[in-house]
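Here is a short report on one protein model. It covers a helix pair, aromatic rings and model confidence.

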Amino acid sequence: MTVTSTVAPSPRAPPTNLGRRPSNATMPVIEAVSGAVGGLVSTAMVYPFEVARTRVCASAAKRTAATGHAEDSDDEEESERYSSVADALVKIVRYEGVAGLYMGLIPSAAKSTLSNFIFYFWYSTFKGAFQRARGAVEARGGSGAGAAFMAKLVELLHGMAAGACTGLMIMPLDMVVTRVQTRGKGKGKGKGSASGSGDGGSDGGGNATLSVIKSIYEEGGGGLRNFFASIEPTLALTTNPGINMLAQESMRAGRDKADLSAAQIMWIGLASKALASFSTYPLVVAKVRMQTMG
């Protein structure tokens, strides 16, 4: 009788890449893509409020240019007078329909996606250098209040550096989006301010966007320089992402995002962005005025 011995197969070695953290080379891309997707979703959700805010800023700029102070000018149409964001929302729906609240959504979504991708790419890319700088500051200064202040300053500069790269790269697209948002439905030719710009389309689609790009390029014979008309407030607005990321780091109290729940991450993001937006809102107003007045 032949006895067949059965040998148990050796256990297969588990995959070695399970649980492996992304490499330093791929981490900037992963964070950039995540930020881009998040920016696209958030833009779609709050876009009507962004349009209303931009219209209010542009309307105030037009009144100031016409009268020397922020009061209604005689030649300003009722549909273009906005006293608040709520007033702008009501009048846009009344005179332009619900579609007016989504004027320029496509270029704005493109801007938001691109800006978030660029910002988080550079923020992640710079992270190593700024972490080393922060470590050097903490090592040199010990645990005193001065060292803590310098560490926070390094974090602020980290966000500002990524914000500066982002602002310079998307400034032309930001100019186009602002002009499309403030042109209004059915406007005729103009300078692209709240009183209208361009001569094509009224839905912020391809024809309207191309018309706005052409009008910006031709203004005063400035050419491509016109797309960078708001460079001063744009660079000053690098404090916005700096404050935002500094506030996020402070609220997380040293905990990694993996240790936080989705709700905690959301509320921290909301609170930090609200603080940054409130702190830099005058610069936003200045930027919109420079972009819409031509």
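Contact here means heavy atoms within 4.5 Å. Helices (H or I, at least four residues) and strands (E, at least two) are DSSP runs, numbered from the N terminus.

The model is predicted: local features need pLDDT of at least 70, side-chain atom pairs count only at pLDDT 80 or more, and totals for chains, interfaces and linings use all residues. Residues are numbered from 1 along each chain as its sequence is written, and side-chain values use heavy atoms, with hydrogens and water left out.

**Helix pair.** In α7, the residues T239, N240, I243, N244, A247, Q248, M251 and R252 touch α8; partners there include I268, A271, L275 and L283. The axes of α7 (residues 239–252) and α8 (residues 262–293) lie 8 Å apart, at about 150°. Axes are lines fitted to C-alpha atoms over the stretch in contact, and angles run from 0 to 180 degrees between N-to-C directions. The two helices are therefore roughly antiparallel (angles over 145 degrees).

**Aromatic rings.** The structure has 6 aromatic pairs, that is, Phe, Tyr or Trp (six-membered) rings with centres within 6.5 Å. F121, W122, F126 and F130 form a cluster through ring pairs.

**Confidence.** pLDDT is the predictor's confidence in each residue, from 0 to 100. The protein averages 77, and 75% of the residues score at least 70.

| Element | Residues | Mean pLDDT |
|---|---|---|
| strand β2 (lowest) | 196–197 | 42 |
| helix α2 (highest) | 85–96 | 91 |

Residues 1–19 stay under 50, with 0 contacts beyond four places in sequence. Residues 188–203 are also below 50, yet this stretch has 54 contacts beyond near neighbours in sequence.

Notes:
Phe/Tyr/Trp six-rings, centres within 6.5 Å; stacked < 30°, edge-to-face > 60°. Parallel < 35°, antiparallel > 145°, perpendicular 65-115°, else oblique.
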